[in-house]
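Reader: I am new to protein models and would like to learn how to read one. Could you take me through it step by step?

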Amino acid sequence: MESVRGQLQTMLQTSRDTAYRDPLIPGAGSERREEDSFDSDSTATLLNTRPLQDLSPSSSAQALEELFPRYTSLRPGPPLNPPDFQGLRDALDSEHTRRKHCERHIQSLQTRVLELQQQLAVAVAADRKKDTMIEQLDKTLARVVEGWNRHEAERTEVLRGLQEEHQAAELTRSKQQETVTRLEQSLSEAMEALNREQE
């Protein structure tokens, strides 16, 4: 599209430069330019010319020059070549092809972006699920550790109680042993005293 626009601007600029080019007759350029800018062809000249439909296609450019001689005189030399419509069509076709290619490329990029967005959404959801599971595992592990510590404290308390009971039982057994020993000694002394009395 830019090349078509550039060609049109070049053609317009060339036509404008040719229209305002200095005339071939030196010294009469400014007067003629002012005269042409305000005066028009006479009405009689315009009425005496043949209609355009009577002209053959080959003589249409010449008929236009006959119809507007003053404006034709602004363009000295042979008439300008008609614009290169085939080149414009080729440039337009090329621009259409390039635009279609760009649209297909943009569509493929949009599809890829959509796929990446879907993958990102899935990854974010998976990360959130993992974070939730890790948080639940942390809470569960904290509860397990707390229960284990409580169980260990209870076990330690039970062991301490058993040790205290064992020590108390040992103390009681030693006292009972002493009592039995004293009783045996008293009994033996009483037996000896009884034997002496019998003798």
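Author: Let us begin with exposure: a residue is buried under 20% relative accessible area, exposed over 50%, and partly exposed in between (1.4 Å probe, protein chains only). Arg-160 has a relative accessible area of 38%, so this residue is partly exposed. Before we go on, this is a predicted model, where local features need pLDDT of at least 70, side-chain atom pairs count only at pLDDT 80 or more, and totals for chains, interfaces and linings use all residues. Residues are numbered from 1 along each chain as its sequence is written, and side-chain values use heavy atoms, with hydrogens and water left out.

Reader: What percentage of the 199 residues count as buried?

Author: Of the 199 residues of the protein, 7% are in the buried class. Accessible areas come from the Shrake-Rupley method with a 1.4 Å probe, and for residues only the protein chains shown count as cover. The protein exposes about 17,300 Å², with 57% of that supplied by carbon and sulfur atoms.

Reader: How many helices and strands does the protein have?

Author: Both are DSSP runs, numbered from the N terminus: helices are H or I with at least four residues, strands are E with at least two. Here there are six helices and zero strands, giving the pattern α-α-α-α-α-α along the sequence. Helix H6 spans residues 85–198.

Reader: Which residues does the UniProt annotation "coiled-coil region" cover?

Author: UniProt positions are given in the numbering used here, feature names are shortened, and annotations may be inferred rather than shown by experiment. The unreviewed UniProt entry places "coiled-coil region" on residues 99–126 and 159–193. In the model, residues 99–126 are 100% helix and 0% strand, with end C-alpha atoms 40 Å apart. Residues 159–193 are likewise 100% helix and 0% strand, and their end C-alpha atoms lie 50 Å apart.

Reader: Where do Lys-139 and Glu-135 lie?

Author: Lys-139 and Glu-135 are both in helix H6, four residues apart, about one turn of the helix. Their side chains form a salt bridge at 3.8 Å, N to O. Lys-139 is partly exposed because its relative accessibility is 47%, and Glu-135 is partly exposed because its relative accessible area is 45%. Further along, Glu-170 and Arg-173 form a salt bridge at 3.2 Å, N to O.

Reader: Which residues form a nonpolar patch on the surface?

Author: Patches are made of residues with over 30% relative accessible area and no salt bridge; like charges are joined within 9 Å, and nonpolar side chains (Val, Leu, Ile, Met, Phe, Trp, Tyr) within 5 Å. Leu-141, Val-144 and Val-145 make up such a nonpolar patch, with about 260 Å² of accessible area together. Val-145 is found in helix H6.

Reader: Why does Val-145 count as partly exposed?

Author: Its relative accessible area is 40%, which means that Val-145 is partly exposed.

Terms used
A salt bridge is a side-chain nitrogen of Lys or Arg within 4 Å of a carboxyl oxygen of Asp or Glu.
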